[in-house]
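Hi everyone, thanks for coming along. Please have a look at the model on the screen, and then I'll walk you through it.

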Amino acid sequence: MKNLKFPTAQTILLIIAGLVALLTWIIPAGKYDTLTYNKAGNSFTKTHLETTETLPATQETLKTLNINIPLEKFTEGDIWKPISIPNTYQVVEAKPQSMVEFFQSPIKGIIEASDIIFLVLIIGGLIGIMNYTGAFDDGISWLAIALKGHEYILIILVTTLIALGGTTFGLAEETIAFYPILIPMFLAAKYDAMVPLATIYLGSSIGTMFSTVNPFSTIIASDAAGINWTTGLTGRVITLIIGVIICIVYILKYANKVKKDSTKSIIYSQKEEIEAHFGTKSENIVKLTTRLRLTLIVFTLCFVVMIYGVSQLEWWFVEMTTVFFVGAILIGFIGKIKETIFVETFVKGASDLLGVALIIGIARGVSVLMNDGLISDTMLYHASTATEGMNKGVFANAMLFIYSGLSFFIPSSSGMAVLTMPIMSPLADTVGFGREIIVNCYQNGMGLFAFINPTGLILASLAIVKVGYNKWLKFVLPLLLILTIFTMIIITLQVYL
């Protein structure tokens, strides 16, 4: 069982694409009428098959069309893509997708998602430059040594900072480098290795679970849902803060128990083995130089500028990508990185996220097949009729667990977003709440399962710390239960408030 290998997200998506191509030969083709808001003329365009009709942009128009969305969602730019009009589905002539269309679909998907893909690659290059400067590692090391004797503060700060990284740019795989830095410090403070593991992994997981401006989940999912990523932002910030506090309190409670009595450690039987492996942390003080401070400031400002630009200046992918590109160049100058090294490092950083970029393209290709084969609306129709009469609170919580289950097969947040959002998000219209709730269900559902998902990052993290998966489950399952209940309550409140 331990040698069982799961296919990659790319392979899974290609398999799904193949199945979708087959489904276009089986599932009847169908189409909804669509409604698009025209900002220039302050009007709606209703599309029925090949014909269009211009309608006044009023709440009465939306009410007549049975669209339960406030007019300001359109006029303020929250929804700018065509949406399906309820109760307008009809069967049309079939367009089954051949083997040629199947092989073309990933290419078409990559072309369609090029704006998102370039953003991902440029951010990858920026992260590569940051890692080269050592700003991440030295910043964490400086905190660890400066707070010696007050490690409980370190637990709070590191968990919070890594959660901020998770919620802003999806800090996850990069945290692997932090374990060798922090584990010896925590061992010297009479904690066990589970404490730094939890501080880093839970920090990253809770941050990505309650992502606020993460380009790899919030922005991609919102884009695919046809809404602005700032929709629902306040609620996400509040849940992020509460979620981080829950994790910090949980870690501190365990850490203090182990500090007082080492036999209370879940991994007490491995105490000598782990301490021998990691040795003693050097007492040399790491100086956070002016250059490193400037590097961290520029890196942080990239996200600040991006948030301001999108929320206040109507920026989108071209402008966001430019911000991160300029940020990487500035950090290169600050770090006095040679031109050839800068280019090589930037390209390598971008290549590290090439897999994510391909996932986005392949997943978008699945949507291309469904749309070209005219089965997207058919599946949406049957899904929406299945939810008729369902309590919207129950529906939202069901979506939460559906996404948790799907994340086992597609652990990539970006892949999940572009594959499922075009299908799932319109269901919010049929049950009567905003599409941002579906985005939240997607993020929260994937985030919850990420705490224990064996196809995710946890097994790699456990391998570094020398902790068994069974020991991790014993530690984290009570927290997972708490967070599940908390998330269900939050989702339910968001639906009804």
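Let me start with a question: is Phe-395 buried or exposed? Phe-395 has 4% relative accessibility, so it counts as buried. Here buried means under 20% relative accessible area, exposed means over 50%, and partly exposed is in between, with a 1.4 Å probe and protein chains only.

A quick word on the ground rules. This is a predicted model, where local features need pLDDT of at least 70 and side-chain atom pairs count only at pLDDT 80 or more, while totals for chains, interfaces and linings use all residues. Residues are numbered from 1 along each chain as its sequence is written, and side-chain values use heavy atoms, with hydrogens and water left out.

Now the overall picture. The protein has 23 helices and 6 strands; these are DSSP runs numbered from the N terminus, helices being H or I with at least four residues and strands E with at least two. Of its 497 residues, 54% count as buried. Taking contacts (heavy atoms within 4.5 Å) with a separation of 6 or more, residues 24 or more positions apart account for 79%.

Next, aromatic pairs. Rings of Phe, Tyr and Trp (its six-membered ring) pair if their centres lie within 6.5 Å; planes under 30 degrees apart are stacked, over 60 edge-to-face, and the rest tilted. By this rule, there are 12 aromatic pairs. In one of them, Phe-395 and Phe-433 have ring centres 6.1 Å apart and planes at 40°, so the pair is tilted. This pair links distant parts of the chain, 38 residues apart: Phe-395 sits in helix H18 and Phe-433 in the loop between helices H20 and H21. Phe-433 is buried too, at 5% relative accessible area.

Another tilted pair is Trp-472 and Phe-475, at 5.6 Å centre to centre with 35° between the planes. Both lie in helix H23 (residues 469–496), 3 residues apart, about one turn of the helix. Trp-472 is buried with a relative accessible area of 0%, and Phe-475 is buried at 2%. Ring pairs also join these two with Tyr-201, Tyr-250 and Tyr-254 in a cluster.

That brings us to the cores. A nonpolar core is a set of buried Ala, Val, Leu, Ile, Met, Phe, Trp, Tyr and Cys residues joined through side-chain atoms within 4.5 Å. Which residues touch the most other members of the largest one? Among its 120 residues, they are Trp-472 and Phe-475. Helix H5 (residues 114–133) gives this core its largest share, 11 residues. Leaving out residues up to four places away in sequence, Trp-472 touches several residues, including Met-194, Leu-197, Phe-451 and Val-467.

Let's move to the strands. Four of them form an open sheet in the order E4-E3-E2-E5, with antiparallel pairing; two strands pair if DSSP finds at least two bridges between them. E4 (51–56) and E5 (83–84) stand at the edges with a single partner strand each, so one side of each has no neighbour in the sheet. Strand E2 (residues 34–38) is joined to E5 by 2 bridges, and Thr-34 has Ser-84 as its bridge partner in E5.

Last stop: Glu-112, in helix H4 (residues 99–112). Glu-112 is partly exposed, at 46% relative accessible area. Beyond residues up to four places away in sequence, Glu-112 touches Arg-364 and Val-368.
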